Amino acid sequence: MSCSPQQACIYQRNGFYGFHLYYARSPFPPLTPGMMRMYNMQFCPFAQRTKLVLEYKEIPHEVVNVNLKYKPDWFRARNPLGLVPTLELGDIVVNESNVCNEFLDELYPNRKLIPSDIVRRARDRMLIETFGQVTGLFYEIPKSVAEGTQERSVKKWRRHMKRYENELQQRGEYFGGSSPCMVDFALWPWFERLGVITVIAPETDVTSEEYPHLSAWIARMMELPAVKKTYINPRGHINFFKTLREGNPDYDYVAA
Ligand SMILES: N[C@@H](CCC(=O)N[C@@H](CS)C(=O)NCC(=O)O)C(=O)O
């Protein structure tokens with residue numbers, strides 16, 4: 001199937017993705033009544049957080065991939081900051097990956113991901129909040145390597161990895177114990193993209209010698225059907241990251 005940039009085109013590729021064809025003047029793809037819609041960009045780790053929850057809970061949904069360089073007005077109307085992920089269901093619009101995920105967990109209580117125990121919930125929330133420091137390192141490390149000043153940022157990286165390693169040691173197979181919780185899905189997208197920084201700074205690798213629990217968790221996560229459905233291989237992520245840094249993001253790249 002092919003469609004022009006002006007067409008509203010929602011379709012499945014690899015069972016999940018559609019092309020990012022919603023250029024500035026493309027028409028609004030009509031909503032399917034009662035169907036959860038997610039505005040997405042296939043390489044966005046924040047959007048992947050929400051896709052993982054949609055898949056894990058087996059929530060029927062449709063995906064509209066947005067070209068983030070040329071955002072349609074109707075997308076900006078739904079998210080003034082112009083960010084994916086954004087969810088839409090009837091007249092409800094929800095932005096921000098963590099907020100989207102909390103909304104989904106409350107609306108669809110099967111396979112609960114947020115614990116009801118308030119202490120456990122606070123601990124999980126802290127892990128997700130502080131992970132913002134790790135996501136920032138995905139930009140800081142390549143920059144510091146280019147400037148020859150990576151020692152400090154790599155040290156920061158290792159300190160964070162150790163923190164998550166220790167947490168897993170206490171919690172079990174997943175951050176949720178014997179099954180995944182919201183922490184697993186909130187963190188996973190950046191572990192899937194590990195190849196992007198290990199190729200630039202090999203010292204960032206999560207080896208089984210140094211991080212036995214974290215590396216076993218990575219292998220375990222790769223077996224989850226939700227992860228398999230949203231997975232893009234390192235080549236795909238590296239290519240996207242490169243085109244993004246060059247200022248010409250290749251949203252539709254298909255990693256073979
Ligand atoms: N805090 C947001 C971050 C989302 C975000 O940064 N998304 C990026 C794509 S990975 C985006 O939509 N960028 C568009 C832009 O900055 O114009 C969240 O957690 O959802």
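These are my notebook entries on a predicted model.

**Ground rules.** I number residues from 1 along each chain as its sequence is written. The model is predicted, and I take local features only at pLDDT of at least 70 and side-chain atom pairs only at pLDDT 80 or more, while totals for chains, interfaces and linings use all residues.

**Domains.** I looked up the division of the protein first. Domain 1 is 1-112 and domain 2 is 118-245. These bounds come from an automatic or database domain assignment. I then checked the UniProt record, an unreviewed entry. It annotates "domain: GST N-terminal" over residues 34-112. It also annotates "domain: GST C-terminal" over residues 117-253. UniProt positions are in the numbering used here, feature names are shortened, and annotations may be inferred rather than shown by experiment.

I compared the make-up of the two annotated spans. Residues 34-112 are 37% helix and 23% strand, with end C-alpha atoms 22 Å apart. Residues 117-253 are 69% helix and 0% strand, and their end C-alpha atoms lie 42 Å apart. Helices (H or I, at least four residues) and strands (E, at least two) are DSSP runs numbered from the N terminus.

Which elements give two or more residues to the side of domain 1 that touches domain 2? I began with the totals: 14 residues of domain 1 are in contact with 16 residues of domain 2. Contact means C-beta atoms, placed from the backbone, within 7 Å. The elements are helix H1 (45-56) and helix H3 (97-107). H1 gives the most, with 8 residues. By class, this side of domain 1 has 6 nonpolar, 4 polar and 4 charged residues. Ala, Val, Leu, Ile, Met, Phe, Trp, Tyr, Cys and Pro count as nonpolar, Asp, Glu, Lys and Arg as charged, and the others, Gly among them, as polar.

**Ligand shell.** I listed the residues around the ligand: Met41, Cys44, Phe46, Leu68, Gly82, Leu83, Val84, Pro85, Glu96 and Ser97. A residue is near a molecule if its C-beta atom, placed from the backbone, lies within 6 Å of it. The shell has 7 nonpolar, 2 polar and 1 charged residues.

**Strands.** Strand S1 (residues 36-40) has 4 of its 5 residues buried, so it is largely enclosed by the rest of the structure. Buried means 20 or more other C-beta atoms within 10 Å of the residue's own, exposed 12 or fewer, partly exposed in between, with C-beta atoms placed from the backbone. S1 pairs with strand S2 (residues 61-65) in the parallel sense over 5 bridges. Two strands pair if DSSP finds at least two bridges between them. Asn40 has Asn65 in S2 as its bridge partner.

S3 and strand S4 (residues 92-95) pair in the antiparallel sense over 4 bridges. Leu87 stands opposite Val94 in S4. The hairpin of S3 and S4 has 2 residues between the strands, and Gly90 takes a positive phi near 60 degrees there.

**Thr86.** I found Thr86 in strand S3 (residues 86-89). Is Thr86 buried or exposed? Thr86 counts as buried because 24 C-beta neighbours lie inside 10 Å. Leaving out residues up to four places away in sequence, Thr86 touches Tyr39, Arg78, Asn79, Val93 and Asn95.

**Trp157.** Trp157 sits in helix H6 (residues 150-171). With 22 C-beta neighbours inside 10 Å, Trp157 also counts as buried. Beyond residues up to four places away in sequence, Trp157 touches Leu137, Ile141 and Thr204. Trp157 and Thr204 are 47 residues apart along the chain, yet their C-alpha atoms are separated by 6.9 Å.

Terms used:
Two residues are in contact if their C-beta atoms, placed from the backbone, lie within 7 Å.
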